[in-house]
Amino acid sequence: MNMGRTTIMFVLFAVKVFLSATANHYPDPCSPVFDASSSVPRCSQICRSDDKGQRKCSCTAGYALADDGLSCIVLGHEPFLLYSTGSALRSFYVDSHLDMPLIKTGANISAFAFGVDKQVFLADASTLTVYSVEIDDPAKRKTFIDTGLYSVSSMAADLLTGNMYVSDPKQGRVFVCATKSSVPCSVVLDNLKNPHSVIVDTINRSLLWSEAGSGNVLGSISTARMDGSERRVLVDRLVQPSALALDSLFQEIYWLEFLDVDWIDGTPDADHVIKAMKLDGSRQIRTVFSMSNFQNPTFSLLSDTIYISEGRRAFQVNKWNRQTMPMFDGVPGVIYSSSIYHPILCKMTEDETTSTPCKSDPCSHICVPISNREPNDFRCLCPPGLKLDNEGECIPDDDAEVLVVACQKGLYQVPVDYVGLASERAECIVSGDIDVIVHEPNSRRVVFHDADENEITVADIDHLRHKKVLFSAVQQVEGMAVDISSRVLLWTNKNGEITVGKLDGTMSRIIVKGLGRIRGITLDSTSGLMYITEWGNSSRIIQCNIDGQSCITLVTIPDGHPNDIVMDTRDMGIILDPYGRSYKLKTLFWSDSKQDVITVWPLDVFAKQTGFPLTGYRNPHPYAMSLSDDNLYFTDLNSGLLHFVEMPDSRTHLSGTVQNISLGLGTLYGLAVVRRNTKDSEHTRCLVNNGGCSHVCLASPGNGRTCLCPSDLELSPDGKTCTVDGRLPPTTPSESTTHPLLITASGPHQDNEMAPSRDNHDKLMLSLILTSCISVAIVVILGLVFCFNKTKKRQRQLMDRLSRFIHRRSDDDHVKLFDDEHSQSPSFKHFDDLDYPCESLLRHRNDVINYHEMSLISMDSAFNEMGECDLYSSIVDLSP
């Protein structure tokens, strides 16, 4: 009996332990091991569970728990989907299904982003302009980018600072722009492979962006700090990832990926998926939603709902259970971009807005806070053309590549990669009516012609006080070119002449006459050739030796107006002609304002000219040109715009789209790309010892050279020396004294005619100071010696005169001067008690004379002690 009862109690205890253990091992309903395919419902935001497996859902501030006890709905303002249809920006309210236009733009809005204070930032793809409007008052518009962008695929606002991040797929860059000021944008990410979308993670102070890839390079999603530093890849080997969205609460990144294309009846059937992963990589990538036969979809995220637009429709998807619900269909126009808006997405706490170190404007241009934990952790960024100094200020970068353009207002410096307002882009560096300009290689100097003053001047663009007039009374200049190996400048004029002058301004001489209206000129120093454009009944391209000899017609242009001409002389390889001779590949480019083309002419025996048409412009008039490493820049006399086109690697043709740079300076004339090269000057015989020439050395074909003399001199039979009637001309002062110019040439071959360098100047000044000090010291010493000797001589003369005078006096006038007690050591201090001490001294000379041991020094002491009378005057008065 007891045994049976014990058995029953043991069984009951075992069942209780089993049930307790089973109850404590129920699946945790708040476990993160859930995906979109799970049939188990889960909390939308915050989940708490007890030891019995019971859960309780709740929501963060700004949200409320729905009737299902799981979902969170946003409070306050009704969310609306903002979408662009090309010519308009429309808003669809999610709850009321009200669809209405917000802004009628009349342009193609390619991207937009929300900012603080109910602002929306728009990118106009047709004008490549970025501006902001207020949602409650769209008439209030402010532009902060109108030049420098090639394309815009996405934008994202940093709500802490108001900075805007803009992705440009064509440039492969992401810029950061200060929307609260007019300072230019700065590059934070470069060398990207087709960046599509960029977003800001405000909580972690980081950037997230997708790269669609190009060619055989697959796409990826990466992250970096807000200044672009510490870049790292989150996930790679993706197929054309595009739109991104961030779930800040769960710290997850969502992206849209293009998987496959099937061609059905000539129409691509695209498969797109939305995927997600944890930012820290703690969870595997999961597929959230799949779409079939969608064309260029885009999406955004708010709480549990994904808002997807495609074509002319939009719908909602629950990110947990994939339930879909249509929003609208058949809107006028194709949807280019869309994004959900609610004030909670742009809400920042008071602590966040006041703790940012950029609030006090510590930077001269753009401030980027890169940490939410360190209040002083920020970075100062500079626009292109500037660099940070030790104090954190943006200063000019002497090594940056810049454009210098000429117009009737003067010379203007333009940063190459500038992105911002066109009105702030150009900086005036020289005033005047400048029509022609050329860059001096391996330096920061430009040579230009002032049409008002009729002068050719050289100037350093970084030190504008260092400029010098080289040649005066020079009129109607059409083109200029510099031969750095010969240190000469060549220019053309409307009279059909070509003049050569030394870069130090000491001499000039006409070397070509009798041509038509010649315009542009360019040099090939290594070949000893120059190329000139000429207008006439039949326009042409002329080839001459640099010394002006052996001119021939290279190309005839029956119906054209060739203006400027430039040459790409970089090493692009060697080619062979049919006879086995090798040629270095070089290419000529000239602008034609009548045919509206840029002509490309590879200089080899197989070459055929190709024209790059300037389509898409009304009455274009291409004028001046200049080459950089990547682009060919040219001005347009009719539009007043600066244009450029990307140079292909082959350098035998032009392709791509012509880009515009608006400067607002009116008609633009000359143009020069200024950069400090590191390569040596082109090797010619004139490079070493001026080719042996006494004055000017000009390169000629076959590695030859021609010596040139001023017009008042003649070349001697040796072909090198300039003479006057067979004799050497008198030596002229060096240019450092006759033509001072405080510019130091940069690069390996400096201008010997320029002024002394700073070091030599300092040494010279130190030598002059030391010499002057020594000379003054010698003069002072000699003066002191002279004065001392003169004083001694005068004292001896006075003593002799006094002694002779005393001996001539009569003994009858003797009066006892001293008492007996003082007779042995007379003291001249006792003379002060007498009424006439000086006369008494002279009358009673016998007592003084008897004191035969009295020396010259004692007498000097006496003279000094007798301050109440003038001994010298007494001697003169008492002398016979």
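How many bridges join strand β54 to β55? Four bridges join β54 (residues 622-627) to β55, and the two strands run antiparallel. Here, strands are DSSP runs of E with at least two residues, numbered from the N terminus, and two strands pair if DSSP finds at least two bridges between them. The model is predicted, so to speak of local features requires pLDDT of at least 70 and side-chain atom pairs count only at pLDDT 80 or more, while totals for chains, interfaces and linings use all residues. Residues are numbered from 1 along each chain as its sequence is written, and side-chain values use heavy atoms, with hydrogens and water left out.

A hairpin of three residues joins β54 to β55, and Leu627 stands opposite Leu632 in β55. On to the next strand, five bridges join β55 to β56 (residues 642-646), again in the antiparallel sense. Thr635 has Leu642 of β56 as its bridge partner. β55 and β56 form a hairpin with five residues between them, and Gly640 in this turn has a positive phi of about 75°.

How enclosed is β55 itself? Six of the six residues of β55 (residues 631-636) are buried, so the strand is largely enclosed by the rest of the structure. Buried means under 20% relative accessible area, exposed means over 50%, and partly exposed lies in between, using a 1.4 Å probe and protein chains only. In a regular strand the side chains alternate between the two faces of the sheet. Both faces of β55 are covered: Asn631, Tyr633 and Thr635 are buried on one side, and Leu632, Phe634 and Asp636 on the other.

Rings of Phe, Tyr and Trp (its six-membered ring) pair if their centres lie within 6.5 Å; planes under 30 degrees apart count as stacked, over 60 as edge-to-face and the rest as tilted. By this rule there are 15 aromatic pairs. The rings of Phe112 and Phe114 have centres 6.1 Å apart and planes at 70°, so this pair is edge-to-face. Phe112 is buried at 9% relative accessible area, and Phe114 is buried at 12%. The rings of Tyr633 and Phe644 have centres 5.4 Å apart and planes at 40°, so they form a tilted pair. Because Tyr633 lies in β55 and Phe644 in β56, this pair ties together parts that are eleven residues apart in sequence. Tyr633 is buried at 2% relative accessibility, as is Phe644 at 6%. Ring pairs also link Phe80, Tyr93, Phe112, Phe114 and Tyr341 into a cluster.

Elsewhere, four strands form an open antiparallel sheet in the order β35-β34-β33-β58. β35 (427-431) and β58 (668-674) stand at the edges, each with a single partner strand, so one side of each has no neighbour in the sheet. Within this sheet, β33 (residues 402-407) and β34 (residues 410-415) pair over six bridges, with Cys407 opposite Gly410 in β34.

Finally, the interior. A nonpolar core is a set of buried Ala, Val, Leu, Ile, Met, Phe, Trp, Tyr and Cys residues joined through side-chain atoms within 4.5 Å. The largest has 34 residues, of which Leu122, Ile145, Leu149 and Met155 touch the most other members. Strand β8 (residues 109-115) gives the most to this core, with five residues. Another core lies apart from it, with 21 residues that include Val488, Ile518, Ile542 and Leu698.
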